[in-house]
Amino acid sequence: MNSPELPADIAKIAEFLARNAKLSGGAMKWNEEAKIKASMMNEPARWASGRVTPQAFETACCEAGLPADDAATVGEFLRKVHGGKRLVPNSQYRDFEFAIPFDLVS
């Protein structure tokens, strides 16, 4: 899963999403969706198109064990962000950022 095109922090986030989905009965819950949306809005450098493509993120999520429909959902979030759209997370998670360090250069 940790292919050269995928930064390590993104792989860890994919694993985080898959692990939490498994703990929640096999599907991603609303709060995990809110966290990933908030991260994409609050950490634009992490999610820049030069660092990670939606397809690579979807693939990493699937390989980590996230169900395909949930992987497609987070991939679509990233497509929207790369397209200049704004995601609106639940207000509870508005300021969420992953505590996983990352380099701006992949």
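In this predicted model, helix α3, formed by residues 54-64, packs against helix α4, formed by residues 68-82, at an angle of about 155 degrees, and the two axes lie 8 Å apart. Because an angle over 145 degrees counts as roughly antiparallel, α3 is described as roughly antiparallel to α4. The crossing of α3 past α4 is right-handed. On the side of α3, the contact is made by P54, Q55, F57, E58, C61 and C62. On the side of α4, the residues that take part are A68, A71, A72, V74, G75, E76, L78, R79 and H82. Sorted by class, the residues of this contact comprise 9 nonpolar, 3 polar and 3 charged.

Helix α3 also has buried residues, namely P54, A56, F57, E58, A60 and C61. Against which helices do the buried residues of α3 pack? They pack against α1, α2 and α4. After α3 comes G65, which has a positive phi near 115 degrees.

**Helix α1 and its partners**

Helix α1 covers residues 8-23 and packs against helix α2, residues 30-42, at an angle of about 165 degrees, with 10 Å between the axes. The two helices, α1 and α2, are therefore roughly antiparallel to each other. Here too the crossing is described by its hand: α1 passes α2 in a right-handed crossing. The contact is formed by I13, F16, L17 and N20 from α1, together with E32, K35 and I36 from α2. In terms of class, the contact of α1 with α2 contains 4 nonpolar, 1 polar and 2 charged residues.

Helix α1 packs against α3 as well, at an angle of about 45 degrees and with the axes 8 Å apart. That angle makes α1 oblique to α3. The crossing of α1 past α3 is right-handed. In this contact, I10, I13, A14, E15, L17 and A18 of α1 meet F57, A60, C61 and A64 of α3. The classes of these residues are 9 nonpolar, no polar and 1 charged. I13 and L17 of α1 take part in the contact with α2 and also in the contact with α3. On the side of α3, F57 and C61 belong to the contact with α4 and also to the contact with α1.

| Helix pair | Angle | Distance between axes |
|---|---|---|
| α3 and α4 | about 155 degrees | 8 Å |
| α1 and α2 | about 165 degrees | 10 Å |
| α1 and α3 | about 45 degrees | 8 Å |

**Individual residues**

R51 is located in the loop between α2 and α3. Is R51 buried or exposed? Its relative accessible area is 5%; because buried means under 20% relative accessible area, R51 counts as buried. The side chain of R51 is joined to the side chain of D9 by a polar contact of 2.7 Å. A polar atom of the R51 side chain also lies 2.7 Å from the backbone oxygen of R46.

The C-alpha atoms of P7 and R46 are separated by 9.3 Å, while the two residues are 39 residues apart along the chain. P7 has a relative accessible area of 8% and is therefore buried.

A11 belongs to helix α1. With a relative accessible area of 4%, A11 is likewise buried. Between A11 and R79 there are 17 Å in space, C-alpha to C-alpha, and the two residues are 68 residues apart in sequence. R79 is one of the α4 residues in the contact with α3.

N42 lies in helix α2. Its relative accessibility is 29%, and N42 therefore counts as partly exposed. Which residues does N42 touch, not counting residues up to four places away in sequence? N42 touches R94, D95, F96 and E97. For N42 and E97, which are 55 residues apart along the chain, the C-alpha atoms are separated by 6.6 Å.

Conventions: Residues are numbered from 1 along each chain as its sequence is written. This is a predicted model: local features need pLDDT of at least 70, side-chain atom pairs count only at pLDDT 80 or more; totals for chains, interfaces and linings use all residues. Side-chain values use heavy atoms; hydrogens and water are left out. Axes are lines fitted to C-alpha atoms, for helices over the stretch in contact, and angles run from 0 to 180 degrees between N-to-C directions. Helices (H or I, at least four residues) and strands (E, at least two) are DSSP runs, numbered from the N terminus. Angles under 35 degrees count as roughly parallel, over 145 as roughly antiparallel, 65 to 115 as roughly perpendicular and the rest as oblique. A crossing is left-handed if the near helix is turned anticlockwise from the far one by less than a right angle, and right-handed if clockwise. Contact means heavy atoms within 4.5 Å. Ala, Val, Leu, Ile, Met, Phe, Trp, Tyr, Cys and Pro count as nonpolar, Asp, Glu, Lys and Arg as charged, and the others, Gly among them, as polar. Buried means under 20% relative accessible area, exposed over 50%, partly exposed in between (1.4 Å probe, protein chains only). A polar contact is a pair of N or O atoms within 3.5 Å; within protein, one must be able to donate a hydrogen and the other to accept it, and residues adjacent in sequence count only if both atoms are side-chain atoms.
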